[in-house]
Amino acid sequence: MKCPYCAHVDSKVVDSRDSETGEAIRRRRECLNCGKRFTTYERIEAVPLYVVKKDGRREEFSRQKLYTGLVTAAKKRDISPAQLEALVEELENTLRGRGGTEVGSRELGEMVMERLRILDEIAYIRFASVYRSFKDASDMRATIEQMLSQPPGTRRPEPPRRPRPRTDESELPLDIGK
Ligand SMILES: [Zn+2]
């Protein structure tokens, strides 16, 4: 288990307990190199989950890979590791909860961005720049403009230049980041 901060491979378990849902064992680990703490979840996976790439290749869904990508996108932003862990956890539960064993890489990326945007818009743009592999600045501007035209937590584009109803945080469809 690589340290999400320094990528060192050795860590010790400092705490271990069942997760709230009882589907996983939550382990608090401390990196033996940098001393930072992080959480891992170990679970019994009856059904593997695959990410189907654009070229049709299938790759097993990796919480760690996703988390590492999020840590990079959230660097120096005001997002805690716990918030990113919660995002990954909620996302995986959503994917598993809907049944099926596959998710398209594009859909997965959009699901991540939808959640990340609620936490931090800069991290969202960074993640999008890697995930959508912007070709140039205008490509990036299009994503930013699209983001600014939609309130976070929605998928439907709103008609432009119309005042939006205020949305309380409690009304957001996602229950993360709390
Ligand atoms: Zn470390």
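Tutor: Before we start, a helix axis here is a line fitted to C-alpha atoms over the stretch in contact, and angles run from 0 to 180 degrees between N-to-C directions. Keep in mind too that this is a predicted model.

Student: Got it. At what angle do α1 and α2 pack?

Tutor: Start with the spacing: the axes of α1 and α2 are 10 Å apart. The crossing itself is right-handed. As for the angle at which α1 and α2 pack, the value is about 140°.

Student: And is α1 oblique or roughly antiparallel to α2?

Tutor: To count as roughly antiparallel, an angle has to be over 145 degrees. The pair α1 and α2 packs at about 140°. Therefore the term for α1 against α2 is oblique.

Student: Which residues of α2 make that contact with α1?

Tutor: On the α1 side you have Arg63, Leu66, Tyr67, Leu70 and Val71. By class, the residues of the α1 and α2 contact divide into 7 nonpolar, no polar and 3 charged. From α2 come Leu84, Glu85, Leu87, Val88 and Glu92.

Student: What share of the chain do buried residues make up?

Tutor: A residue is buried if 20 or more other C-beta atoms lie within 10 Å of its own. The chain has 178 residues, and the buried share is 15%.

Student: On to α3 and α4. Is α3 roughly parallel or roughly antiparallel to α4?

Tutor: Their axes come within 7 Å and cross at roughly 160°. Angles over 145 degrees go into the last of your two classes. So α3 and α4 are roughly antiparallel.

Student: Which residues of α4 make the contact with α3?

Tutor: The α3 side is Gly109, Val112, Met113, Leu116, Arg117 and Leu119. Taken by class, the contact of α3 with α4 has 9 nonpolar, 1 polar and 2 charged residues. From α4 the contact takes Glu121, Ala123, Tyr124, Phe127, Ala128 and Tyr131.

Student: How far apart are the axes of α4 and α5?

Tutor: Helix α4 covers residues 121-131 and α5 covers 137-149, and the two pack at about 140°. That makes α4 oblique to α5, and the crossing is right-handed. Contact residues are Glu121, Tyr124, Ile125, Ala128 and Ser129 of α4 and Met140, Thr143, Ile144 and Met147 of α5. Their axes are apart by 11 Å.

Student: Where does Arg132 lie, and is it exposed or partly exposed?

Tutor: Arg132 sits in the loop between α4 and α5. The C-alpha atoms of Arg132 and Arg106, 26 residues apart along the chain, are separated by 8.7 Å. With 16 C-beta neighbours inside 10 Å, Arg132 counts as partly exposed.

Student: What value does phi take at Lys76?

Tutor: Most residues other than glycine have a negative phi. Lys76 is in the loop between α1 and α2 and counts as exposed because 7 C-beta neighbours fall inside 10 Å. Its phi is positive, near 60°.

Student: And what is phi at Ala7?

Tutor: Ala7 lies in the segment before β1 (11-18). It counts as exposed, with 11 C-beta neighbours inside 10 Å. Phi of Ala7 is positive although it is not a glycine, at about 70°.

Student: Last one, on Ser16. Leaving aside its neighbours within four places in sequence, which residues is Ser16 in contact with?

Tutor: Ser16 lies in strand β1 and is exposed, with 12 other C-beta atoms within 10 Å. Its C-alpha atom and that of Arg28 are separated by 6.2 Å. Beyond four places in sequence, Ser16 is in contact with Ile25 and Arg27.

Technical notes: Residues numbered from 1 in each chain as written. Predicted model: local features only at pLDDT ≥ 70, side-chain atom pairs only at ≥ 80, totals over all residues. Helix = DSSP H or I, 4+ residues; strand = E, 2+ residues; numbered from the N terminus. Parallel < 35°, antiparallel > 145°, perpendicular 65-115°, else oblique. Left-handed = near helix turned anticlockwise from the far one by under 90°. Contact = placed C-beta atoms within 7 Å. Nonpolar A, V, L, I, M, F, W, Y, C, P; charged D, E, K, R; others polar.
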